Amino acid sequence: MNVRRLHISISSPVCMVLVCILSLMGCSPDKNEYKHPKGIIYCSEGNPASFNPQLDTSGTTVDVSSHQIYDRLLDFDLVTGETVSGLASSWTTSEDGLIYTFQLRKNVEFQNTSYFTPTRSFDADDVVFSFNRWRDKNHPYHYVSGGRYPYINSVGLADLISDVKRINRYRVEITLVRAESSFLSNLATDFSIILSAEYADQLQAAGTPELIDTQPIGTGPFKFKSFRQDRYVRFDAHPQYWRERSSTGQLIFDITPSSSLRLAKLMTGECDSMAFPTHSQLDIIRKRKELILDEKPGLNVGFWAFNTTKPPFDNPEVRKALAMAIDKNALMEAIYFGSAIPAASIIPPSSWAFQPDSKSSIYNPLGAAKLLRENGIEEGFSMTIWAMPVERAYNPNAMKMAELMQRYLRDVGIQANIVSYEWSTFRARLNQGLHDSVLIGWSADNGDPDNFFRPLLTCSAIESGTNRARWCSKEYDTLIDKALTYTNQEDRAYFYSKAIELINEKMPLMPIAHAFRYQAYRDNVTGIEINPYGGIQFRNVSKQ
Amino acid sequence: MLKIMLRHISLLTLTLLILSFFSFSLAYLFPGDPLVNLTGIRNSSEQGYALLAQQYAMQDSFISQYWQYVNHLFAGNWGLSFSSGLPLAEEISRSLAASVELSAYALIFSFVIGLPLGFLAGLRHHKFIDFSLLSASVIGYSIPVFWLALIAILIFSIQLGWFPLSGRISLLYDIPYQTGFILVDILLSDVPDKEFAFQDALQHLVLPSVSIAIVTCTIVLRITRRSVIEVMNSEYIQAAYARGLSPRQVFFAPWSKKRPYSYFAVIGDAIYYLADKRHDSGNYFFMAGYW
């Protein structure tokens with residue numbers, strides 16, 4: 001009895017505690033009741049190597065820097081893929097296609113940050129500086145941060161340009177060694193960004209030129225604030241940005257390498273958008289009504305390349321027979337979970353050089369077996385399929401794909417062995433040409449079809465390590481070079497259709513699939529668009 | 001007394017010596033360049049590497065290398081973290097502050113909840129409420145904290161969306177690092193809308209501190225219960241009742257304060273447990289980007 005009354009006296013703190021906990025819980029569901037500072041949080045997949053896409057082609061670096069901090073002379077129209085004006089308001093080409101004159105936009109302000117205060121707006125000096133940095137080996141900034149400009153070197157842009165000249169404050173003239181119609185497209189890629197010459201001079205005077213790539217200054221919509229490895233990259237809005245924009249708050253990259261954690265953060269609203277949802281997550285995202293999943297065919301191709309320098313794969317008939325033995329449509333479901341379309345050529349449908357009526361190979365195991373026997377490949381012939389060890393959109397699971405193909409090849413009497421190494425070893429051995437065949441692919445860096453034809457199959461690409469078939473055809477090279485001498489799309493498309501025909505006839509590689517690209521975000525976010533030509537853009541992203 | 005202290009100090013020195021020697025040898029036992037393993041500096045230039053090698057006496061004998069290593073340790077130069085590339089000392093101080101903060105809240109939670117419940121159970125000794133609290137505490141004590149953390153995330157963050165699942169505060173708030181205690185840092189900072197930042201940080205704190213507190217709470221509850229039962233059964237309490245004092249008088253009488261016979265021991269126990277278990281769950285929340 002006594003004890004019971006005592007209980008009443010001490011039960012009040014218990015109640016208080018419970019009330020406290022409940023009230024703490026109760027305040028949380030209505031997130032909108034109190035307002036956070038304005039801003040977009042993007043869950044990205046990794047740390048950028050630097051904040052200068054000239055130095056690195058990895059998507060992580062490009063996403064974080066290219067369209068947030070910087071602008072280019074030209075941009076791609078995301079819908080049509082045409083080059084449109086950026087920092088250059090207009091441009092003219094000389095008759096012979098060798099001299100390009102760019103008229104620059106006036107009153108474009110550089111970002112004002114804690115470490116740099118610009119005294120002048122953007123002008124021709126900045127263009128000359130940005131180009132000469134990668135072009136001119138004697139430029140004081142050329143070897144700052146390593147002196148490697150991977151994209152620019154891979155397309156040979158530095159050798160193509162013979163001079164970059166300032167005509168007046170708002171006019172720049174670029175002279176080429178030879179006419180090349182992909183030149184303007186290359187200026188619109190994520191890698192042809194414009195740096196601040198004034199900032200560079202200031203850094204050099206201070207003796208810290210390498211800061212130009214880690215504490216970046218550009219004319220883009222966001223200015224860099226801070227970066228903590230494995231945690232975040234913070235940006236503030238650049239208030240004097242020259243273009244129209246809808247994002248006015250901060251931009252934060254929440255660095256989250258695990259894709260399941262990115263999805264979890266997207267679900268709880270800790271991120272407004274996430275990078276690279278995996279194929280198995282797509283259905284989960286589609287089912288949640290507060291999440292939106294956009295998909296778009298990507299500018300990529302996954303393929304099976306034969307080592308054409310190794311007999312019997314030097315024989316086009318054998319290559320064609322092997323391609324006929326594989327059922328591409330079955331691979332679509334098993335490997336891509338329906339998030340890709342079967343490829344008829346190396347060119348994806350979103351490119352203007354796409355040929356709707358081109359036919360690559362048709363599944364025909366009987367025909368394949370017959371063709372193999374005719375060309376001296378007996379039952380029990382053994383070959384290797386190299387399967388790349390990493391996950392890419394164009395081939396999310398090369399190992400599993402190789403296993404499926406192993407079964408198809410067994411049906412035509414071929415014993416296939418699967419080979420895989422750690423990724424850098426894998427590429428090193430591929431470059432030595434040790435493979436019989438390899439499952440690999442390509443993602444384009446710009447909207448120009450030359451970006452597929454040249455690196456994948458021309459003779460010179462064997463050396464630079466992107467021509468995995470090691471196929472060298474003078475006829476093909478001539479077609480690809482000739483296409484570039486015309487500026488009219490129709491004329492170029494003619495040569496490209498010839499090139500596609502030639503590939504189908506010789507089958508140095510079997511195109512397998514063009515994978516979709518995905519963007520997942522919450523339903524209160526608007527303005528996120530998939531950029532098929534490169535990195536993500538946040539200029540027009542806003543949140544209700 | 002002096003003898004005991006001397007013994008402990010020499011034991012500590014010996015332990016640290018062996019430990020540092022072992023951690024130094026790890027640089028050789030791990031794959032890769034020992035110098036890189038020691039300093040955490042990768043991809044240094046040739047001159048930089050040579051300078052480092054000199055600093056760490058890499059060309060000398062193993063013993064003098066070890067001596068250099070110990071010197072660096074005492075100078076506070078612990079090398080760079082492989083995972084973040086930041087100085088290790090700074091990394092540790094940051095995450096230590098976060099750990100201490102989390103443990104402190106968990107401790108407060110467990111006392112605020114565990115003490116009254118322990119009293120309740122002790123006073124209602126061998127009644128229904130006692131048994132149910134006791135069994136609940138046994139269950140609470142047996143649940144692995146990392147598992148509890150996972151379940152809590154699954155239910156309260158992902159399903160119900162009540163609490164955020166990662167970080168100490170929404171990234172939209174840029175709170176400058178001062179003390180390492182997020183709530184203190186918010187108060188010291190000059191961000192606008194401080195109260196929203198504070199509320200946001202509290203929300204981030206709830207899940208990890210509660211899931212750790214559940215276990216320490218059961219410890220507090222059981223020890224409190226035991227001591228209450230002991231005191232209630234002691235003769236002087238019985239005598240007090242026999243003299244007709246009301247329960248309230250007995251409870252709040254100065255001499256009955258004898259009862260918290262070893263709260264220091266309880267706190268010690270709980271802190272020990274927190275230091276130990278926070279590691280588990282903290283790791284889990286950390287993997288989830290929590291702390």
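These legends describe close-up views of a predicted model.

**Figure 1. Chain A, seen as a whole fold.** Chain A holds 19 helices and 20 strands. Its C-alpha trace spans about 100 × 80 × 40 Å along the principal axes. Of the 544 residues in chain A, 44% are buried. Now take the contacts in chain A with a separation of 6 or more: 69% of them join residues 24 or more positions apart.

**Figure 2. L88(B) and its surroundings.** L88(B) sits in helix α5 of chain B, which covers residues 88–123. A buried residue needs 20 or more, and an exposed one has 12 or fewer. Which residues does L88(B) touch, leaving aside neighbours within four places in sequence? The contacts are W78(B), G79(B), L80(B) and S81(B). A201(B) lies 113 residues from L88(B) in sequence. In space, the two are 26 Å apart, C-alpha to C-alpha.

**Figure 3. Helices α7 and α9 of chain B cross.** Helix α7 runs over residues 145–159 of chain B, and helix α9 over residues 194–233. Two packed helices are described by the angle and the distance between their axes. Here the axes come within 10 Å and cross at roughly 140 degrees. An angle over 145 would count as roughly antiparallel, and 65 to 115 as roughly perpendicular. α7(B) and α9(B) are therefore oblique to each other. The crossing of α7(B) past α9(B) is right-handed.

**Figure 4. The contact between α7(B) and α9(B), residue by residue.** From α7(B) come V145(B), L148(B), A149(B), A152(B), I153(B), F156(B) and S157(B). From α9(B) come L207(B), P208(B), S211(B), I212(B), I214(B) and V215(B). What kinds of residue make up this contact? There are 11 nonpolar residues and two polar ones, with no charged residue.

**Figure 5. Confidence along chain B.** The mean pLDDT of chain B is 79. In chain B, 83% of residues reach 70 or more. Which elements of chain B have the lowest and the highest mean pLDDT? Helix α12 (residues 263–287) has the lowest, at 56. Helix α6 (residues 128–142) has the highest, at 89. Over residues 280–291 of chain B, the pLDDT is below 50. This stretch still has 34 contacts in the model beyond near neighbours in sequence. Where pLDDT is low, the predicted coordinates should not be read in detail. The model as a whole scores ipTM 0.72 and pTM 0.76.

Terms used: Residues numbered from 1 in each chain as written. Chains lettered and ligands numbered in written order. Predicted model: local features only at pLDDT ≥ 70, side-chain atom pairs only at ≥ 80, totals over all residues. Helix = DSSP H or I, 4+ residues; strand = E, 2+ residues; numbered from the N terminus. Buried ≥ 20, exposed ≤ 12 C-beta atoms within 10 Å, placed from the backbone. Contact = placed C-beta atoms within 7 Å. pLDDT = per-residue confidence, 0-100. Axes fitted to C-alpha atoms, helices over the stretch in contact; angles between N-to-C directions. Parallel < 35°, antiparallel > 145°, perpendicular 65-115°, else oblique. Left-handed = near helix turned anticlockwise from the far one by under 90°. Nonpolar A, V, L, I, M, F, W, Y, C, P; charged D, E, K, R; others polar.
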